[in-house]
Amino acid sequence: MEAIVPTAAQIKSNFIADVIIIGGGLAGLCNAIHLSKCGKKVLLIEKNEYPKHKVCGEYISNEVLPYLNFLAVNPFDFGAVKIKNFQLSTTKNNIISAELPLGGFGISRYTLDLALAEKAKENGVVILQDSVLNVTFHVETKENKTFTSKITIGAFGKRSLLDVKMERNFIQKKSPYLGVKIHVKGNFKEDLVALHNFKGGYCGVSKVEKGAINVCYITNYASFKKYKNITDFQEQVVFKNEYLKEIFQNSEPVFEKPLSISQISFETKKPVENHVLMCGDSAGMIHPLCGNGMSMAIQAAQLASKLILNYLNGEIETRKELEKQYIRQWKRKFSLRLKAGHFIAMLFRKDKIASFLLQLLKKLPFLLPLIIKQTHGKPMKI
């Protein structure tokens, strides 16, 4: 007999879950599906309603496909576009191309998050639309509900009021980065992901479902604030890169206006904070220049879920040991990628070094796939 899953409206403060997940992005939803698939009672609290567009590069490395298959979510069933080629340009409009070692796919967060949320609900996950105000050993929400669970996962993204409440170190520092995203319709190769640099930032371009082109850039806020608005900034700065100028001027916007997000931080974060296991961007962000943040979020979900299941099933004896193993494994899996991302981003912020590197890569083209591999992993094992 099928279990009756309560609706969000029926959830009361005395609802008890094995795991509470705060945040319903890629990491939160993949955790929810994995844990519920293995018979655990999961409550996921997400402040927004699905579906929703987010500022995101929307390119994912194929390394995650075995795990998505395990979760019974096939992105190509929802229109994902296969990507196998990479293109890079500098602020001087020099360009180089390469084949991606593993390849990847393009799909919007609007579509992928919705598909994952539907799969989670199908598995019996309770998804509650609410905002979490505080986390100790209880989870307190804006709707005056309090929940308890054996484990809490923090998957609330790049920056949250919860980071402030927890007094996390990175949140004490102002971050200089701003992200802007828009979908457009126009001519762009379906199998290509491009990364075009401009003074003070860089922009990723790739196809997603339904023929849309995702254009997402990140820039230093100090550069941006010199201009009155996004349109002026694009015309005066972004369009200095002739490849970006061509994309913008020969396409039609799908969105009424661009989406933007400020205070994006690439500071080091702790994978465990106040006994909450941080996952996805809550645990650490790779520079979008490396184009692999979505993949990292999905991989982090697998890592967290496997350890949590070991703990709930008695294979890890104490909460302290669970946290210790998660920190150790998270660092082993992602620390080098994050450092490589920081280093590559630093090099490309310096115009002369970036131009020299591009000339070097043109002479030694085998180096580019090797650099890409530093910020990507191998196909996930199930």
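Predicted model: local features only at pLDDT ≥ 70, side-chain atom pairs only at ≥ 80, totals over all residues.
**View 1. Cys-38, a partly exposed cysteine.** The relative accessible area of Cys-38 is 37%, which places this residue in the partly exposed class. Its closest cysteine sulfur is that of Cys-30, at 13 Å, and this separation is too far for a bond. The number of disulfides in the model is zero.

**View 2. The salt bridge between Lys-181 and Glu-58.** The closest N and O atoms of Lys-181 and Glu-58 are 2.5 Å apart. Lys-181 belongs to strand β10 (residues 177–186), while Glu-58 sits in the loop between β2 (42–46) and β3 (59–61), so the pair ties together parts that are 123 residues apart in sequence. Both Lys-181 and Glu-58 are buried.

**View 3. The salt bridge between Arg-168 and Asp-163.** In this pair the closest N and O atoms are separated by 2.8 Å. Arg-168 is buried, its relative accessible area being 1%. Asp-163 is likewise buried, with a relative accessible area of 1%. Elsewhere in the model, salt bridges with shared partners connect Lys-54, Arg-109 and Asp-113 in one network; two of these residues, Arg-109 and Asp-113, are the subject of the next view.

**View 4. The salt bridge between Asp-113 and Arg-109 within helix α3.** Helix α3 spans residues 109–122 and contains both Arg-109 and Asp-113. The two residues are four positions apart, about one turn of the helix. Their closest N and O atoms are 3.0 Å apart. Asp-113 has a relative accessibility of 2% and counts as buried. Arg-109, at 9% relative accessibility, also counts as buried.

**View 5. Salt bridges across the model.** Side chains of opposite charge can pair when their charged atoms come close. The model holds 10 salt bridges. Among them are Lys-181 with Glu-58, Arg-168 with Asp-163 and Asp-113 with Arg-109.

Terms used: Residues numbered from 1 in each chain as written. Heavy atoms only, no water. Salt bridge = Lys/Arg side-chain N within 4 Å of Asp/Glu carboxyl O. Buried < 20%, exposed > 50% of the residue type's maximum accessible area, 1.4 Å probe, protein only. Disulfide = S-S within 2.5 Å.
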